[in-house]
Amino acid sequence: MKYFFTILILLFISCAIPAKANVSLPTLVSDSMILQRNTPIKIWGWASPGEKVSIQLLNKTFKTQTKPNGEWEIIFPSQNTGGPYTMVIKGKNVITIHDIYFGDVWLCSGQSNMVHQLGIHLYTYANELKHTNNSFIRQFAVPVHANLQFADSNTLKSEWHTAQGNNLLQFSAVAFFFAQQLYEKYKVPIGIINASSGGTPIEAWMSISVLENFPDIDQLIQKNKDTAYIHQLEKSIAANNQIIQKNLAKDKGISENPKWYQTDYKPINWHNINVPGYWNDQSIPNVHGIVWYRRTIMLAPTMEGQQAQLALGRIVNADEVYINGKLIGQTGYEYPQRYYNIPAGILKGGNNTIVVKITALQGKGGFVTDKPYYLTNGADTIQLAGTWQYKVGLALTPNQTHTQYFNAEYQPTALYNGMIAPITPYAIKGVLWYQGESNTGNTKQYAQLLPAFINDWRQKWHNENLPFIIIQLPNFGPIDELPVESGWAQLREVQMNALKIANTALVVTIDLGEWNDIHPSRKKEVGQRAALAAEKLVYGNNNIISSGPIFQAAEIKNDSIIIHFSNVGSGLTTLENQPLNRFSIAGSNKKFVWANAKIEHNTVVVWNKNISHPLYVRYAWADNPMDANLYNVEGLPASPFRTDQ
């Protein structure tokens, strides 16, 4: 018995004494990293409690000792631009970090339009991808990770990559073109920390210390901390997904033999349908489930066996694409553009059959209009828009398509905890923020959240002047022929009003969107305009015009309203000298009608002969104010605005 108690005591002591551990580092501190120049920087990590740690860099040695919890940090003095350098960290073990540069580090964050990699826009930017080989632009892609409970300290499993070769395909397109323009102008190494996630609201990126001031959001945070509730919710969702998958397995196109995509299948009772277009707008308006499309095309003998590309625009929602019985590509959700490579040996001279299986459980299913639909080998191109054939593989009832949904990434604090908290010790130059689509349903709250968010991150980086460059939402959605109310316009207004906060800039993109694609392709122009904003705001280049016209004041004069702007640059103008459009005007009843408008002495005069006592003006006030055409001579568009706040 005495021996037994001795063993227990020894076990207790061994558990109470922390195990010896080697020095370890966050993955941000790794080979090929860019460190922020001209400011003190922190290097941090973990080791055994009380362990002595030293760092050698630039022929200097810095020493420290770990805290009782095993954490340690060393502050380096400010360094000038330069590299490549090697850093050696010593404790009980030795870690050597190679290819380090001092330059500028930008945190690029937001939702899917910041996520969108160059690889998604492979064909739009084929030339840029082919000719870019820049080891001085580097990206650290923060893995998407949500934590509902607490702010993580070291969960990031990633690494730095240079803008070279296949690495480029994973670079955020907006962030890359932003970094490229800055590097070409200043020849300073640019590090991108890309922390972004599609569909996420701003509150997901904010800390609990700030969101406690928003009672409805804080209530949800506390609810999400109930692990039993979350576990039960996830269990229920998993069960629901199993039911849906069981229903989808009843698809006749797969369950029948031969399957509808196989070459020995004989199509019977297929009907004509137009592509592009939604099936719900054509022959089968009430179907949710799976619909199969097929088309047979004639190819020249010269295309026999060749590699080729298939462009299928965008498809709502998920698709599988077969050519001559072979699966050539599939996508699980609606937003990516469909460009599929056709391997050698699949195409043949003569008849070739394309079969597309589309799954849409909610909304409209089918092919999005105003997108490219073709097959090409580079020399010959076959257009695919036109008449196809379709057959319903599975039609589900509303009860069968009902889905339970809970995405932790969309919950308040979740992405701050999992993606931002771990990187706050890392010194940065500024923030490029592209987000807002997911908050257009509650712009009043967003008007409070956006300033709180900026202040939150400034506090976390211990820099009350941390630069913020905000990318305003582009035009999106159907075009309204009459003046309307607009959640997207209201959110753009909130983004513009953020200019009242010190050390912020706005990137206007009202002319870079697409009516039918929430992920427009013109990412290069977005990044380049953001770089212009950075040059003026951060790099002190006061000789450039970095912004289009911004509403400043309205002056009522007789039956007209005169609008004054800042950032007029070399003067106000319109595209191709066309008359101004997308201005509306109203009297005291706030019933807006289209207005006449003209440029006079770098102001805009707005009137309508039927409004004798005008009080209010709006410009580009719509989800998609297509053809809004007020610019400065430098070619930068005016931000949408209203005077009836």
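Visitor: What is the strand order of the open sheet of three strands?
Guide: This is a predicted model, in which local features need pLDDT of at least 70, side-chain atom pairs count only at pLDDT 80 or more, and totals for chains, interfaces and linings use all residues. Residues are numbered from 1 along each chain as its sequence is written, and side-chain values use heavy atoms, without hydrogens and water. Strands (DSSP runs of E, at least two residues) and helices (runs of H or I, at least four) are numbered from the N terminus, and two strands pair if DSSP finds at least two bridges between them. The pairing in this open sheet is antiparallel, and the order is β12-β20-β15.

Visitor: Which strands stand at the edges of this sheet, and why is one side of each left without a neighbour?
Guide: An edge strand here has a single partner strand, so one of its sides is left without a neighbour in the sheet. The strands in that position are β12 (277–278) and β15 (315–316).

Visitor: Which residue of β20 stands opposite V316?
Guide: β15 and β20 (residues 366–367) pair in the antiparallel sense, over two bridges. Within β20, the residue that stands opposite V316 is G366.

Visitor: Is V105 buried or exposed?
Guide: V105 belongs to strand β7 (residues 94–110), and, leaving aside neighbours within four places in sequence, its contacts (heavy atoms within 4.5 Å) include I34, I193, Y426 and G430. The scale calls a residue buried under 20% relative accessible area, exposed over 50% and partly exposed in between, with a 1.4 Å probe and protein chains only. Because its relative accessibility is 0%, V105 counts as buried.

Visitor: Where is H121 placed, and what is its relative accessibility?
Guide: H121 sits in the loop between α2 (112–115) and α3 (126–131). Not counting residues up to four places away in sequence, H121 touches H116, Q337, H519, P520, S521 and K523. H121 counts as buried, because its relative accessibility is 1%.

Visitor: Why is helix α12 largely enclosed, and how many of its eleven residues are buried?
Guide: Elements covering the buried residues of α12 include α11 (443–460), β25 (468–471), β26 (504–507), β27 (550–557) and β36 (641–642). Among those buried residues are W488, L491, E493 and M496. Helix α12 (residues 487–497) is largely enclosed by the rest of the structure because, of its eleven residues, the number buried is eight.

Visitor: Which residue has a side-chain oxygen that reaches the backbone nitrogen of W488?
Guide: The atom pair lies at the start of α12, where the oxygen comes to within 3.3 Å of the nitrogen. The side chain that supplies this oxygen is that of S486.

Visitor: With which side chain does the side chain of R642 make a polar contact?
Guide: R642 is found in strand β36 and is buried, with a relative accessible area of 16%. A polar contact is a pair of N or O atoms within 3.5 Å; within protein, one must be able to donate a hydrogen and the other to accept it, and residues adjacent in sequence count only if both atoms are side-chain atoms. Not counting residues up to four places away in sequence, R642 touches Q490, E493, V617, R618 and W621. The polar contact, at 2.8 Å, is with the side chain of E493.

Visitor: Which residues have the most contacts inside the largest nonpolar core?
Guide: A nonpolar core is a set of buried Ala, Val, Leu, Ile, Met, Phe, Trp, Tyr and Cys residues joined through side-chain atoms within 4.5 Å. The largest such core has 95 residues, and those with the most contacts inside it are W457 and F583.

Visitor: Which residue takes a positive phi in the hairpin of β27 and β28?
Guide: β27 and β28 (residues 560–566) run antiparallel and are joined by seven bridges, and A554 has I563 in β28 as its bridge partner. The hairpin has two residues between the strands, and the one with a positive phi, near 60°, is N558.
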